[in-house]
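Open the model in your viewer and keep the selection panel at hand. The tour goes stop by stop.

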Amino acid sequence: VLKFYTGVWEEYQFSSRVLNGICQYLNRHWVKRENDEGKKDIYDIYSLALLTWKECLFRSTHKQVTNSCLKLIEQERDGETINTRLISGVVDCYVELGIKPESPQAKGQNLSIYKEYFESEFLADTERYYTAESSNFLQNNPVPEYMKRVEQRLLEEQRRVSVYLHESTQDELARKCEQVLIKKFLDVFFSEFLDLLQNDRNEDLARMYMLVSRAGNGLAQLKGRFETHVRSQGLAAVAKCGDAAFNDPKMYVLALLDSHNKYSSMVQHSFCGDTGFLQSLDKACGHFVNSNAVTQGPKSSSRSPELLARFCDSLLRKSSKNPDDTELDEALQDVMIIFRYVEDKDVFQKFYSKMLAKRLVAQNSASDDAEASMISKLKQACGFEYTSKLQRMFQDMSLSKDLNERFRQHVTASASDSLSLENFSIMVLSSGAWPFTQGPPFALPMELQRSYSRFLTFYASQHNGRKLNWLYQLSKGELVTHCFKNRYTLQTSTYQMAILLQYNTTTSHSVANLQASTQLREDLLIQVLMILLKGKLLLCEDDELTSESVLQLNMAFRSKKLRVNVNVPVKAEQRLEQEATHKNVEEDRKLLIQAAIVRIMKMRKEQKHQTLLGEVFQQLSSRFKPKVPVIKKCIDILIEKEYLERVEGQKDIYRYLA
């Protein structure tokens, strides 16, 4: 049927065009004039030929011809090879016949015949075919195989349009296939999605994303399930580390990073970097970074920023395991990934500034460039104010170097002065920028008094009216021994130095005697003595130290190293410092909340309670997440200080008092 129909049509069309060309004069003049005069049933030769075919042949044969085309297409879908020219010939015929008897001169294609007599039948047949195939295929094959089949079928239909159907069919055919092959099975896809995620089937996930994205708002379901899965996997990764993660910053941060990087890569490759999936990833990461097994313990809600700051400290502190510059920069980039999700950025700032200060004072930074790079990253993320104190610390270090040089030149210029400054250096730090507090009472040893007094005189001559507060707890020095078999250089804290220098006069001292000489608190003195006992520099017969205990210099002291470091941090001091830092954070937060409330009320003059809470949250969310009871307490404090008042008769409205 199709061979006969297309063969005859091609011959007829060719003959009609030849005749139309011969009769061009008739078409241009007589036919045009008759049409202009409004006469009906007057056509050019080619249009007349098409109308004749339509009335004489098309009306009686279109059903049989269309059905034959559909059978041929079904054979191709079943894998058989067909002669596509037969179908394209019929399609060309149907498109050409789209001429309306009432307006034969109308310009542009008219697809009414093609749409009515072929496309509608073709789409209905497509729906029937794929409805049957999809149900049968899913019953006998897993979902990933079905998705491959759908992907293949969609490509086949796209090719089919380009080869022998009219291009206008493309959109309708795609919609019909999506409806039958994808939308009807969205629930099946959603239930399979979790299994694909758990088994890291990235290729299948990419295929599912591509298919579901063609089905309206189907991706919203996938995004929600993706977020839930990432959150649970992140929480599980932290829980898997156990209690060790609580005190191991590296283990904790790497567990968070591994979870983030795994699913970030999945979003980029399987979900084409879709912004919706990126938002779901961010929400999930924000949840498991700020609320996990480590942060849910008592007094541990701010543990994430603290451990992140400690991880930074381990990267930036000088050690034998320091990575090279490229690896260090990559590690700091990874830190910033986690930092972006940390809610309590003010806690990170407090701990980071304390650790940076200690690195600078102890001069054990791995790299000044890396330190500057990290501060630059923090500044970019949180603004100038967040890092202003950190930058001031570096300025103080530079100024201290210049000050030391001037002091050396001053001493050298004094010919009468025999003071040796070969290994003497001092740091003068601005009290507003450095997170240090005044240390406990302490009596400087006589051996250091001369250097101390000389520097005070020099500094007073350079800076009139400034007062120096000495941080002996952060100072350190070296002692050279002449009493042991070998000559050792002991690296000590100032407290340890003061104690050991007492043994220049006698080889044994009581705790009470050492306390009188150093003026240290007894509990702190005992902690320092315990380190010296553990290092076997001193000996004591008592199991527990009291004020009556006697400590003797260990004349038989031996060490494999000639430079012995006994300057070990006191654990009790570290714990107290940690608690003090958290306490300072809480106090600083109250001041920040009060400042935000005053700023808002000064601008608004009057504000409802709930609206005020919302604006405070909005202003402070970049630094930390304020708690509602704390905000209420700050409002009460400001009312007491007469910055605000409650409007009479309306308890939930506040007024600003100028």
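How many bridges join strand 1 to strand 2? Select residues 489–493 for strand 2: five bridges join strand 1 to it, and the two strands run antiparallel. Strands here are DSSP runs of E, at least two residues long, and helices are runs of H or I, at least four residues long, both numbered from the N terminus. Two strands pair if DSSP finds at least two bridges between them.

Before moving on, note that this is a predicted model, in which local features need pLDDT of at least 70 and side-chain atom pairs count only at pLDDT 80 or more, while totals for chains, interfaces and linings use all residues. Residues are numbered from 1 along each chain as its sequence is written, and side-chain values use heavy atoms, with hydrogens and water left out.

**First sheet**

Stay with strand 1 and pick Glu-478. Gln-491 in strand 2 stands opposite Glu-478. Now widen the selection to the whole sheet. It is open, has three strands in the order 1-2-6, and its pairing is mixed. Strand 1 (476–480) and strand 6 (563–565) are the edge strands, each pairing on one side only. From one strand to the next, the twist averages 25°. Angles run from 0 to 180 degrees between N-to-C directions, with axes as lines fitted to C-alpha atoms, for helices over the stretch in contact.

Select residues 550–553, strand 5.

Three bridges join strand 3 to strand 5, and the two run antiparallel. Click Ser-510: its bridge partner in strand 5 is Val-550. Strand 4 and strand 5 pair in the antiparallel sense over two bridges. Leu-538 stands opposite Leu-553.

Go to the open sheet with the order 7-9-8. It has three strands and antiparallel pairing. Strand 7 (606–608) and strand 8 (644–647) stand at the edges with a single partner strand each, so one side of each has no neighbour in the sheet. Neighbouring strands are turned by 35° against each other on average, direction ignored. Show strand 9 (residues 650–656) next to strand 7: they pair in the antiparallel sense over three bridges. Within that pair, Glu-606 stands opposite Arg-655.

**Salt bridges**

Keep strand 8 on screen and select Arg-646. Arg-646 forms a salt bridge with Asp-636, the closest N and O atoms being 3.5 Å apart. A salt bridge is a side-chain nitrogen of Lys or Arg within 4 Å of a carboxyl oxygen of Asp or Glu. Arg-646 lies in strand 8 and Asp-636 in helix 25 (residues 628–640), so the pair ties together parts that are 10 residues apart in sequence. Arg-646 is partly exposed at 39% relative accessible area, and Asp-636 is partly exposed at 35%.

A search of the whole structure finds 34 salt bridges. Next, select Arg-207 and Glu-151, whose side chains meet in a salt bridge (2.8 Å, N to O). Arg-207 belongs to helix 9 (residues 202–212) and Glu-151 to helix 6 (residues 143–164), so this pair ties together parts 56 residues apart in sequence. Arg-207 is buried at 10% relative accessibility; Glu-151 is partly exposed at 26%.

Stay in helix 6 for Glu-156 and Arg-153. Their side chains meet in a salt bridge (2.8 Å, N to O). They sit three residues apart, about one turn of the helix. Arg-153 is buried, with 3% relative accessible area.

**Cysteines**

Select the cysteines. Cys-69 is buried at 0% relative accessibility. Cys-272 is exposed at 59%. Its sulfur is 19 Å from the closest cysteine sulfur, in Cys-285, too far for a bond.

**Last stop**

Select helix 1 (residues 2–22) and find Ile-22 there. Ile-22 is exposed, at 65% relative accessibility.

Terms used: Buried < 20%, exposed > 50% of the residue type's maximum accessible area, 1.4 Å probe, protein only. Disulfide = S-S within 2.5 Å.
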